[in-house]
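Here are my notes on the two-chain model you asked about, in the order in which I went through it. I hope they are handy to have beside the viewer.

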Amino acid sequence: MFLGPALAVSAILFALGAAGVLLRRNAIIIFMCIELMLNAVNLTFVALSQQLGVDGQVFVFFVMTVAAAEAAVGLAIVIAVFRHRESVNLENINLLRG
Amino acid sequence: MSLDLQKGLGLLIALLPETILAVWAMALLLVAAWTHKDPRALRRIGWVSLAGIGVAFLAVAWLWTAHPRLEGLPTSVAVDPFRWAVDAIILLGAGFAVLLSIGYLEREGILIPEYYVLMLLATVGMMLLAGGEDLFVLFLGLELMSVSSYVLAGIDRRREASAEAALKYFLLGAFASAFLLYGIALVYGATGSTKLGFIGFQVQSLQLATHPMLLAGLALLLVGFGFKVAAVPFHMWTPDVYDGAPTPVTAFMAAATKAAAFAALIRVLLRAVPLLHDTWSPVVWWLAAATMVVGNLVALNQKSLKRMLAYSSIAHAGYLLTALVSGSVGGAAAFLYYLLFYTLMTIGAFAVLVYKGRDGERTVTADDLAGLAESHPWLALFMTICLLSLLGFPGTAGFIGKWYILTSAIGSGYALLATIMVLASVVSAGYYLPVIMAMYMKPRLHAEVHADVSVPRVMRGVLTAVAVALVVFGVWPSGLLKTARAGARGFLPDEVVPISQGVPAAPK
């Protein structure tokens with residue numbers, strides 16, 4: 001049911017998230033865009049599990065757990081950087097240059 | 001010995017090294033929570049974590065020599081010599097990095113016992129990543145490794161460079177993980193399974209070689225892995241992160257993290273999609289060529305030794321990708337051989353930086369090592385052996401490794417790529433040799449300039465052993481080459497358990 005549309009929606013969400021990561025400069029917003037990408041993948045898994053069995057839905061729980069762990073670590077890192085620079089804008093974070 | 005992974009005991013034995021290390025890490029976390037933050041307790045926790053790595057290494061060695069064979073259906077973890085070989089390399093790298101950290105943390109004032117716990121957990125993640133036969137085990141291993149590494153990169157958070165490195169690593173690492181995960185989802189959608197063996201079977205039986213969903217999934221997987229192994233054009237984060245992180249962590253990331261991600265990539269390509277070799281080999285070809293050329297050329301421009309070694313590690317990712325292009329067992333064997341010595345020589349070179357530098361080692365340049373041979377002849381000799389081996393100088397293990405990769409590439413008809421690799425290695429002399437020249441041919445600025453460089457006695461033994469290994473296996477490689485070939489045999493069709501039942505329903 002709705003497999004094609006569901007996959008299309010999740011592909012669009014994923015692309016929006018990826019575009020946000022590349023275009024925005026605020027570390028918190030970039031992190032939110034990454035979460036959007038992960039949740040787009042979750043939608044893909046749920047949509048596919050209609051046909052492929054319950055595995056897809058189990059994966060979603062793993063992804064959510066991993067995303068939570070990443071959020072905990074990531075926000076702590078953002079705070080550590082904020083304490084030095086009073087900013088989470090990546091344009092101001094330029095001590096290391098490639 | 002035969003193992004049935006459907007039963008609890010079989011699974012426990014197959015995952016014995018990971019289980020030991022994970023339990024060890026969690027016990028150590030409890031101990032760390034109850035100890036005071038003084039240097040002696042920190043040192044003790046360092047040695048205990050090293051012991052854990054040693055026990056896990058013994059478990060790997062036991063499993064390797066016991067030759068376990070799978071009975072019943074293949075499941076989510078691999079039981080093959082390739083896994084044991086990569087596990088052994090990862091544990092060597094982790095042990096070396098822990099040894100480097102023991103004095104370093106005190107000197108830099110990073111009195112955080114959880115450092116060692118994170119290092120052990122990252123190692124568990126790497127071992128799962130290298131041994132996962134299921135895209136999901138692979139993903140969980142990758143995340144365990146990555147999340148621990150994000151914290152390790154920023155462990156010295158009072159230093160701005162360290163915090164910034166952690167932020168960059170975290171944002172780009174999570175971005176790459178999302179690509180990898182979407183790739184897994186699409187491959188799952190196209191084949192109906194995440195188990196590598198089943199995927200390979202489905203690709204053949206359903207003739208999915210041109211299925212758009214599978215190809216899109218594979219492309220996304222390659223992007224995700226490209227970020228993790230720091231292949232050009234996905235390498236932008238590497239120099240900054242390697243520069244900002246504490247040096248033992250940099251060594252750990254450059255060696256062990258890369259080894260694990262490469263092992264997972266090679267396993268996915270050779271187990272799940274060997275039939276699509278014609279599709280993925282041009283992509284890997286271009287990645288390898290671009291990585292070698294860009295890595296070596298940019299390294300020429302670096303003043304800071306730490307950044308130079310970071311770009312050198314990017315260049316070496318290109319050499320390892322070259323071993324992968326052919327998709328043959330010979331390539332996998334060359335990969336294993338080179339990986340072992342890449343790990344040793346990279347951590348060795350970073351070790352010298354650890355003992356020379358202060359305050360994150362960001363400012364050490366080649367000229368700061370001037371005259372090291374006069375005051376520390378032995379340390380200078382060790383650095384020279386490591387750099388010559390990284391360069392691929394004849395008589396060192398790095399030369400044999402490169403030669404073996406070249407043979408496998410030429411043997412499979414990739415002569416142009418082999419030529420690029422030789423030329424890129426010639427370019428790399430332009431940044432390795434000035435360091436050696438500075439150590440041997442330039443005078444010291446003043447007599448006391450290297451007075452604060454002191455290597456603990458244990459590390460002297462370890463560094464000597466590494467130097468001896470680099471030379472010995474550069475002159476008599478045959479024994480180890482045989483082991484590497486045996487390690488890669490797991491990818492031969494006759495070694496793989498046939499899949500005759502339990503294939504999931506075909507997707508519509």
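1. Helix α10 (residues 237–244) of chain B is mostly covered, with 8 of its 8 residues buried; buried here means under 20% relative accessible area, exposed over 50%, and partly exposed in between (1.4 Å probe, protein chains only). Helices are DSSP runs (H or I, at least four residues; strands are E, at least two), numbered from the N terminus. The buried residues of α10(B) include Trp237(B), Pro239(B), Asp240(B), Tyr242(B) and Asp243(B). Their cover includes α7 (160–191), α9 (212–229), α11 (247–272) and α13 of chain B.

2. A word on conventions before going further. This is a predicted model, in which local features need pLDDT of at least 70 and side-chain atom pairs count only at pLDDT 80 or more, while totals for chains, interfaces and linings use all residues. Residues are numbered from 1 along each chain as its sequence is written, chains are lettered from A and ligands numbered from 1 in the order in which they are written, and side-chain values use heavy atoms, with hydrogens and water left out.

3. Now the interface. How many residues does the contact take from chain A and from chain B? Chain A gives 43 residues and chain B gives 42 residues, where contact means heavy atoms within 4.5 Å. The size of an interface is often given as the accessible area lost when the parts come together. Chain A and chain B bury about 3,700 Å² between them, and 78% of it is on carbon and sulfur atoms. Buried area is the accessible area (1.4 Å probe) that two parts lose on being put together, summed over both.

4. Arg85(A) pairs with Glu160(B) in a salt bridge whose closest N and O atoms are 2.4 Å apart. There are also 3 residue pairs in polar contact across the interface of chain A and chain B (both at pLDDT 80 or more). A polar contact is a pair of N or O atoms within 3.5 Å; within protein, one must be able to donate a hydrogen and the other to accept it, and residues adjacent in sequence count only if both atoms are side-chain atoms.

5. Which elements make up the side of chain A that touches chain B? In chain A, α1 (3–23), α2 (27–52) and α3 (55–85) each supply at least two residues of that side, and the largest share, 16 residues, comes from α3(A). The residues on this side of chain A divide into 29 nonpolar, 9 polar and 5 charged. Ala, Val, Leu, Ile, Met, Phe, Trp, Tyr, Cys and Pro count as nonpolar, Asp, Glu, Lys and Arg as charged, and the others, Gly among them, as polar.

6. Rings of Phe, Tyr and Trp (its six-membered ring) pair if their centres lie within 6.5 Å; planes under 30 degrees apart count as stacked, over 60 as edge-to-face and the rest as tilted. Phe45(A) and Phe59(A) make an edge-to-face pair, 5.3 Å centre to centre with 70 degrees between the planes. Phe45(A) is in helix α2 of chain A and Phe59(A) in helix α3 of chain A, 14 residues apart. Both Phe45(A) and Phe59(A) are buried.

7. Tyr319(B) and Tyr338(B) are also edge-to-face, at 6.5 Å centre to centre and 75 degrees between the planes. Tyr319(B) lies in helix α13 (residues 305–325) of chain B and Tyr338(B) in helix α14 (residues 329–356) of chain B, so this pair ties together parts 19 residues apart in sequence. Tyr319(B) is buried at a relative accessible area of 1%, and Tyr338(B) is buried at 0%.

8. Two threonines are worth a look. Thr343(B), in helix α14 of chain B, is buried with a relative accessible area of 3%, and its side chain reaches the backbone oxygen of Leu339(B) at 2.8 Å. Thr322(B), in helix α13 of chain B, is buried at 1% relative accessibility, and its side chain reaches the backbone oxygen of Gly318(B) at 2.8 Å.

Definitions and conventions:
A salt bridge is a side-chain nitrogen of Lys or Arg within 4 Å of a carboxyl oxygen of Asp or Glu.
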